Amino acid sequence: MLAGLLAVPLASPAPPPSAPAAADAADACGSPYLVDRTLPNGARWRLCWEIRTIEGLTVTRVRYMPKDSRSISVLRSGALAQIHVPYDSGEPRYHDIGSLGSAAVTLTAADCPGGELAKSKVCVTTRPRGHAYLKDGWGDESQRRTAQGQELVVLAAYQVGWYTYVSEWVFGDDGSITPRIGATGSLAGTTTAPKHGWPLGVGRKHFEESHSHNVFWRMDFDIEGRARDVVEQYDFAGNRTKKRSLVKTVFNRETRALNSRMRWWRVVDPGVRNTDRHPVSWEINNSDSAEYRGPADEAFTHADVYVTQYRACERLATENVAPRCGRSVDRYANDERVTDPVVWVNVGFHHVARDEDADPMPIHWQGFRVTPRDVTATNPY
Amino acid sequence: MRRGLVFAAAGLGTALLSGTLLIATSGEGPEAAQAVQESPAPGDPLTPEEIARAGEIATAGTHLKAEQAELLYVERDDDKDAEQARRAEAYIYDYGNDTLTVRTVDLGQSRVVEETTGRGVQPPPSRREELRAAELLLADPALGRGVRQSFMKAAGRELASPSDLALRGLIYSPERGPCRTHRCLRLFVRLPNGTFLDTSRIVLDLSAKRVHTLEW
């Protein structure tokens, strides 16, 4: 029996005829925009990339092919949706998207070890990710199982003011997706009152202003097409007791969700099953956010995950650029019925500068994890 | 030089004349496919030829007053409901009435298939707008003097033109004040010695052709 996927009869109506299933990356884009990479353990990823004028590096039509298994589409598109940078004294408050397309930095071979540069703006490479697994043989070498993992990385970098942002889409050989962004370059050099900063340089004269980077990603999940995809939230009740009990909440309507310890979400297609007949899903964890909450006129900072109905004009989490469309993600999420979910993830990082942040500032990362849940019936590797 | 209709399209490699329209390059643009001779796949970025053609189609027949409107840029339409067609979105800003018009061009049919217009919607600034904002900054007596002095100190020579400055603009779009509806920019200004001017309180209002200084 295959370790992979099985299509089961449709559990809900097919998409309308005006909405054809997303074309496969292999048909949708050509060199150098097509990435089709089989990692050493047999995991294969296929996707298209594009540097868009506003969002910069965008991945589209992302498909995952577990080893010895049928391929499955995961994302119709994924991109940065905003970098909101409020300083601790209250001002300034930047929205760093911008035209990331024109801010893309020219990369060199040194920025892309072992990989290939495309159009000198995008690096496609693979790199080790440490242990994939380790299971001791209890003295029996033949029973010992160990493997080192690899990951495919598609990255671009942007110069926005004094900051350089390195934006990565990381596709693991375990089927995981890690979007993350690293801030480096230079500090602003803004002097502030001691309570809003940290002393840099000799003595206590210059207090560099602390600030947040609230980064939003937009992910349009289409698991084997847009039909039937549903977002669920999982909690585990029983705080201060011995037991934990699973609590599932289905988001049939647009939602603004908050992080909570142990909480996670998944996008599931009940019509696509693995060979155990469990529905295929991708799990979203957002546990590393500083959870910045701004004033009332920055309501987009008031939730950590937004689920909205697909709408082509809703592209940025704030300062959206389309006329006759919402301006920010908190307004997109207005209780509409969700049949084709788009997931927006807000990850905050509060940067309190330190002496080590002198030029060139060491990179600090923020991001989140998307992991397969029941995509295959067993560990295929 | 034809004065009047001046458009800047990001991503264009060449300037071309067409009827009453001058499309001028605004420096390096976003990712654009180089292989003009090969026909692009449906999900490939727009080619320079497609960007130029979409810009022409989107602005043809529009009666715009001199220097009142600008083609900011052309972007591939990635709407998954319109995957069969290769479409481009042209962002056109009219400073006269502070409206943004987005025209969707079907490149196969060579025509505009959709148009939306709105106020208070500000796409990111184009390269030309960044330069115009720097011109406004330099035209301000006190601020302009400050920029020139800082440049002299950093570079050891006089500032010859705004293009001597390394510029990056971000839209400033507050809930209140003139910039609620105007096209306002904040500029990051990098000097040749790698330092940045402190421009965080300075807002360049391209609609009113004014400089605002923020108070906080």
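What follows is a short chat about a predicted model with chains A and B.

Q: What are the ground rules on numbering and on what counts in this model?
A: Residues count from 1 along each chain as its sequence is written, and chains are lettered from A and ligands numbered from 1 in the order in which they are written. As the model is predicted, local features need pLDDT of at least 70 and side-chain atom pairs count only at pLDDT 80 or more, while totals for chains, interfaces and linings use all residues.

Q: What pLDDT does chain A average?
A: Chain A averages 94, and 94% of the residues score at least 70; pLDDT is the predictor's confidence in each residue, from 0 to 100.

Q: Where is the pLDDT of chain A below 50?
A: Over residues 7–22. Beyond near neighbours in sequence, that stretch has 24 contacts in the model, a contact being two residues whose C-beta atoms, placed from the backbone, lie within 7 Å.

Q: Switching to chain B: how many helices and strands?
A: Three helices and eleven strands. Both are DSSP runs numbered from the N terminus, helices being H or I of at least four residues and strands E of at least two. From the N terminus on, the order is β-β-β-α-β-β-β-β-α-α-β-β-β-β.

Q: Which strands form the open sheet there, and in what order?
A: E8-E9-E10-E11 of chain B, with antiparallel pairing; two strands pair if DSSP finds at least two bridges between them. The edge strands are E8 (166–171) and E11 (210–213) of chain B, each pairing on one side only. The twist averages 35 degrees from one strand to the next.

Q: What packs on the sheet?
A: Helix H2 (residues 127–139) of chain B, which touches E8, E9 (184–190), E10 and E11 of chain B. The direction of H2 makes about 100 degrees with that of E8(B); axes are lines fitted to C-alpha atoms, for helices over the stretch in contact, and angles run from 0 to 180 degrees between N-to-C directions.

Q: How many bridges join E10 to E11 in chain B?
A: Four, with E10 covering residues 202–205. B:Asp205 has B:Arg210 in E11(B) as its bridge partner.

Q: What does B:Leu204 touch?
A: Leaving out residues up to four places away in sequence, B:Leu204 touches B:Ala133, B:Leu136, B:Leu137, B:Cys184, B:Leu185, B:Leu187 and B:Val211.

Q: How much of chain B is buried?
A: 45% of the 216 residues. Buried means 20 or more other C-beta atoms within 10 Å of the residue's own, exposed 12 or fewer, and partly exposed in between, with C-beta atoms placed from the backbone.

Q: Why is strand E18 of chain A called largely enclosed?
A: Because nine of the eleven residues of E18 (residues 264–274) are buried.

Q: Which strands pair with it?
A: E15 (residues 230–237) of chain A is joined to E18(A) by five bridges, antiparallel, with A:Arg266 as the partner of A:Glu232. E19 (residues 279–285) of chain A also pairs with E18(A) in the antiparallel sense, over six bridges; there A:Trp265 has A:Ile284 as its partner.

Q: What about the turn of that hairpin?
A: Four residues lie between E18(A) and E19(A), and A:Arg277 in the turn has a positive phi of about 65 degrees.
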